[in-house]
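I wanted to look up the nonpolar packing and the charged pairs in this model. My notes are below the display.

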Amino acid sequence: DDGKLSFDEFKAYFADGVLSGEELHELFHTIDTHNTDNLDTEELCEYFSQHLGEYGNVLSVLEDLNITVLKAMDKTKKDYQEASDSEQFVTRFLLKETLNQLQSLQSSLECAMETTEEQTRQERQGPTKPEVLSIQWPGKRSARRLQRNNSLSPNSPLFSTGWIEEDSQWMTQINRLQKLIDRLEKKDLKLEPFQEEVLEENAKSHIMIVQRQMSVIEEEIEEFRLALKQYVESASAQGGCLHVSIQKLPNDSCFIVYEFWENSNAWNSHLQMNYSKTFQRSNVDFLETPELITTMLVPGKY
């Protein structure tokens with residue numbers, strides 16, 4: 001709160017798991033045009049304004065959106081209690097629809113972030129050691145995802161230098177996953193125990209497991225089934241897709257989709273396909289609440 005950033009403060013926020021400590025230090029001094037070993041607001045604005053490009057318009061629109069949403073929330077707070085039942089219903093619908101639209105946009109941005117970071121890591125495989133991320137970013141979902149990528153990505157040099165302390169931790173995670181799937185599907189599913197293997201450098205040894213849980217509006221179940229069928233057929237035809245399974249919970253309009261992908265790159269590429277985006281957009285109308293997506297990288301052969 002002193003109006004400037006030291007290098008430690010700069011590193012804590014801007015470290016992205018890709019740039020090394022040396023590269024961050026060089027970037028810090030590039031931005032520090034006043035040569036004070038601290039970055040002030042003027043220096044940061046001057047540096048980033050040179051590189052905004054199309055994102056200048058994006059950030060401007062987001063600023064206007066933020067103001068507009070806050071005004072709407074303020075009016076909702078004042079008027080909701082005294083509104084009629086029908087007016088309250090419309091307000092709840094508009095809030096839900098606004099949230100769905102924002103989450104859809106967030107999902108696309110997260111996919112873009114993961115794809116660019118993964119591509120950069122692959123290009124930079126070698127002696128450079130990424131700087132450890134040491135800050136919780138805004139949004140718990142993004143923070144968890146960044147933490148997961150840094151700790152579980154098989155391409156990260158940190159993977160073999162202490163992030164996974166003991167092989168038994170992998171066994172614990174696999175056993176928990178097996179019990180979860182057994183309970184949801186009520187089947188006797190057995191996973192092969194993890195055995196450490198000697199792999200060639202750059203070998204793709206981790207499978208991406210995705211669980212998508214969707215609570216469907218009762219009246220929309222048939223339409224949802226058709227959309228889900230088209231989505232599964234398209235996803236299964238992708239080269240990086242190993243298996244797709246659907247489970248509908250009894251006496252409930254909840255569907256759980258399990259997807260197994262060769263690696264995180266295959267999953268990220270799948271999310272950018274038109275059929276995947278179409279399915280996500282259709283879910284805005286079909287789902288009672290935003291879908292819950294859980295991902296996990298599991299070591300194994302395929």
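The entries cover the conventions, then the cores, then the salt bridges.

**Conventions.** I am working from a predicted model, where local features need pLDDT of at least 70, side-chain atom pairs count only at pLDDT 80 or more, and totals for chains, interfaces and linings use all residues. Residues are numbered from 1 along each chain as its sequence is written, and side-chain values use heavy atoms, with hydrogens and water left out.

**Cores.** I looked up nonpolar cores, meaning sets of buried Ala, Val, Leu, Ile, Met, Phe, Trp, Tyr and Cys residues joined through side-chain atoms within 4.5 Å. Buried is under 20% relative accessible area, exposed is over 50%, and partly exposed is in between (1.4 Å probe, protein chains only). The largest core has 25 residues, and Phe 224, Leu 228, Trp 261 and Phe 279 have the most contacts inside it. I then listed the elements that give two or more residues to this core: strand 3 (206-215), helix 8 (221-236), strand 4 (241-248), strand 5 (254-261), helix 9 (264-271) and helix 10 (274-286). Helix 8 gives the most, with seven residues. Helices (H or I, at least four residues) and strands (E, at least two) are DSSP runs, numbered from the N terminus.

I checked the contacts of Trp 261 (heavy atoms within 4.5 Å). Not counting residues up to four places away in sequence, Trp 261 touches residues including Ile 207, Val 210, Leu 242, Trp 267 and Tyr 275. A second, separate core has 11 residues, among them Ile 207, Cys 254, Tyr 258 and Val 298.

**Salt bridges.** My criterion was a side-chain nitrogen of Lys or Arg within 4 Å of a carboxyl oxygen of Asp or Glu. The count comes to five.

I noted Asp 74 with Lys 78, closest N and O atoms 3.4 Å apart. Both lie in helix 4 (residues 55-79), four residues apart, about one turn of the helix. Asp 74 is partly exposed at 39%, and Lys 78 is exposed at 58%.

Glu 259 meets Arg 212 at 3.6 Å, N to O. Glu 259 is in strand 5 and Arg 212 in strand 3, so this pair ties together parts 47 residues apart in sequence. For Glu 291 and Arg 212 the closest N and O atoms are 2.9 Å apart. Glu 291 sits in the loop between helix 10 and strand 6 (292-299), so that pair ties together parts 79 residues apart in sequence.

I also looked up burial: Glu 259 is buried at 0%, Arg 212 is buried at 1%, and Glu 291 is buried at 19%.
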